[in-house]
Amino acid sequence: MTRRKLIAANWKMNKTAQESVSFVNEFRELAKKIKNEIVIYPPFTSLPELNKAIKNTNILLGAQNMHQEEKGAFTGEVSASMLKNSGCEYVILGHSERRAYFNESDELINKKTKTALKNNLRVILCIGETLQQRESNQAMKTVESQLKTCLKNISNEEIKSITIAYEPVWAIGTGKTATPEQAEEMHKFIRQMLKKLFNEKVSRETRIIYGGSVNESNAKELLSMEDIDGALVGGASLDARSFAHICSS
Ligand code: PGA
């Protein structure tokens with residue numbers, strides 16, 4: 001089975017609903033000839049409008065986060081079924097900004113993953129080491145421990161709905177991309193881990209995408225590596241032309 005490439009736009013806390021719709025109005029034409037899977041992750045407030053705007057296009061919708069409980073007294077939070085109901089196919093879990101600024105732990109991310117899957121959302125699970133961890137030769141150990149905990153009690157069936165995003169923290173929003181070789185080395189390692197935690201088939205079929213300062217000039221080289229099955233794009237996904245260029249790399 002060949003792994004279909006996935007190119008994801010993580011808009012973070014950018015674009016009002018109106019701005020999101022303008023993006024899609026420009027992007028949908030550019031996206032027509034793209035064979036890769038395309039998913040946009042706008043802020044929650046843009047989801048209902050974008051759900052209308054992407055009708056009859058090859059663009060899918062996702063959310064950047066969700067709460068681990070199904071519903072209840074959690075002021076300010078959003079549940080999996082609310083996302084599903086707003087047109088989301090996907091959700092990003094464990095982004096390094098959530099880990100760093102909102103204290104999300106691997107255990108919490110594991111709970112969220114379980115809830116997302118129960119609600120038929122597909123998950124982009126983010127992992128990656130900090131600069132300090134890389135410089136002290138702890139990169140693989142960090143990624144291994146994140147994977148083990150985040151994927152705890154996930155079945156061989158459930159893992160089919162998960163895409164792993166390797167995002168070295170030192171490469172996010174810094175303009176400092178991992179070299180294709182650095183990224184490939186870690187992607188290969190993650191694939192070996194998947195074989196250990198699940199089996200050979202899971203290791204072969206699970207998509208592992210790269211994120212961290214992906215842009216028009218480095219996307220092609222990164223995406224040509226054997227074990228890099230797509231990209232999670234932040235800054236460079238805010239402009240329709242530049243994102244379309246990355247999508248067709
Ligand atoms: P960046 O963000 O492309 O702006 O580095 C990537 C991400 O955080 O997913």
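## Terms and model

Buried means under 20% relative accessible area, exposed means over 50%, and partly exposed lies in between (1.4 Å probe, protein chains only). Helices (H or I, at least four residues) and strands (E, at least two) are DSSP runs, numbered from the N terminus.

This is a predicted model: local features need pLDDT of at least 70, side-chain atom pairs count only at pLDDT 80 or more, and totals for chains, interfaces and linings use all residues. Residues are numbered from 1 along each chain as its sequence is written, and side-chain values use heavy atoms, with hydrogens and water left out.

## Helix α11 and its cover

Helix α11 is mostly covered, with six of its eight residues buried. The buried ones are Ala240, Ser242, Phe243, Ala244, Ile246 and Cys247. Their cover includes strands β1 (6–10), β2 (37–41) and β8 (230–233). Helices α1 and α10 (219–223) also belong to that cover.

## The α1–α11 crossing

Helix α1 spans residues 17–31 and helix α11 spans residues 240–247. Their axes come within 9 Å and cross at roughly 35 degrees. Axes here are lines fitted to C-alpha atoms, for helices over the stretch in contact, and angles run from 0 to 180 degrees between N-to-C directions.

From α1, the residues Phe23, Glu26, Phe27 and Leu30 take part. They meet Ala240, Arg241, Phe243, Ala244 and Cys247 of α11. Contact means heavy atoms within 4.5 Å. By class, the residues of this contact are seven nonpolar, no polar and two charged. Ala, Val, Leu, Ile, Met, Phe, Trp, Tyr, Cys and Pro count as nonpolar, Asp, Glu, Lys and Arg as charged, and the others, Gly among them, as polar.

## Nonpolar cores

A nonpolar core is a set of buried Ala, Val, Leu, Ile, Met, Phe, Trp, Tyr and Cys residues joined through side-chain atoms within 4.5 Å. The largest one has 70 residues. Within it, Phe27, Leu151 and Ile190 touch the most other members. Beyond four places in sequence, Leu151 is in contact with Asn110, Leu125, Ile159, Ile162, Ile164, Leu194 and Phe198. Apart from this core lies another, of eleven residues, including Leu6, Tyr41, Cys126 and Leu232. In soluble globular proteins, nonpolar side chains tend to be buried together.

Val91 sits in strand β4 (residues 90–93). Val91 is buried, at 0% relative accessible area. Leaving aside neighbours within four places in sequence, its contacts include Tyr41, Ala63, Asn65, Met66 and Leu83. Ala116, Leu121, Arg122, Val123 and Ile124 are also among them. Val91 and Asp229 lie 138 residues apart in sequence, and their C-alpha atoms are 18 Å apart.

His187 belongs to helix α8 (residues 180–197). His187 is also buried, with a relative accessible area of 0%. Not counting residues up to four places away in sequence, His187 touches Tyr166, Ile208, Ile209, Tyr210, Asp227 and Ile228.

## Cysteines

The structure holds zero disulfides. A disulfide is a pair of cysteine sulfur atoms within 2.5 Å. For Cys88, the closest cysteine sulfur is that of Cys126, 15 Å away and so too far for a bond. For Cys126, the closest is in Cys150, at 9.6 Å, also too far for a bond. Cys88 is buried at 2% relative accessibility. Cys126 is buried at 1%.

## Loop residues

Two asparagines have positive phi. Asn137 has phi near 60 degrees and lies in the loop between α6 (131–135) and α7 (139–150). Asn137 is exposed, at 71% relative accessible area. Asn153 has a phi of about 60 degrees and lies in the loop between α7 and β6 (162–166). Asn153 is exposed, at 61%. Most residues other than glycine have a negative phi.

Thr130 is in the loop between β5 (122–127) and α6. Thr130 is partly exposed, with a relative accessible area of 29%. Beyond four places in sequence, Thr130 is in contact with Val169 and Trp170.
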